[in-house]
Amino acid sequence: GIGAVSDQLVDKARSVGVDIRTDRPVDSISVGDDGAFTIQMGNSGHGNLRADRIILATDVKAAQRIMSTIDGYANINSDIDPPVERSVGCLYYGFETDAPIDEPILVLNGAGRGIRGTKTSPI
């Protein structure tokens, strides 16, 4: 599935020496005189971490909260419009008989105007 993409990125990053930490709630981030980041995770019991570079991979609201703790970014919450949130859904159909097509295409509901398809790779 799509999780394979992030697994490949993690594997490649670790192969070149990147230290990846997940599931570590961040209280705040500060920047030292040397430009290195100190990530405070004290309230979560994980201590502090120093890093030359960081990737903040979280939802927008959490990222804004964390970024606002860095000097110079205190107004980030008011400088950026709130994100538009959209919900999505996925619906799977099954057939009690053979599928009506043999080609490797994705069949979409054509709203009564026939089959709409896009070429895909067979799974």
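The exercises below work through a predicted model of one protein chain.

Residues are numbered from 1 along each chain as its sequence is written. In this predicted model local features need pLDDT of at least 70 and side-chain atom pairs count only at pLDDT 80 or more, while totals for chains, interfaces and linings use all residues, and side-chain values use heavy atoms, with hydrogens and water left out.

**Exercise 1.** Find where in the chain confidence is lowest and where it is highest.

*Solution.* Begin with the chain as a whole, whose mean pLDDT (the predictor's confidence in each residue, from 0 to 100) is 79, with 80% of the residues at 70 or more. Then turn to the elements, which are DSSP runs numbered from the N terminus (helices: H or I, at least four residues; strands: E, at least two). Confidence is lowest in strand β5 (residues 116-119), with a mean of 53, and highest in helix α1 (residues 3-15), with 91.

**Exercise 2.** Describe the surroundings of Ser-28.

*Solution.* First place Ser-28 in strand β1 (residues 28-31). Next, setting aside neighbours within four places in sequence, list its contacts (heavy atoms within 4.5 Å): Thr-38, Ile-39, Gln-40 and Thr-69. Finally, the side chains of Ser-28 and Gln-40 form a polar contact at 2.5 Å, that is, a pair of N or O atoms within 3.5 Å, where within protein one must be able to donate a hydrogen and the other to accept it, and residues adjacent in sequence count only if both atoms are side-chain atoms.
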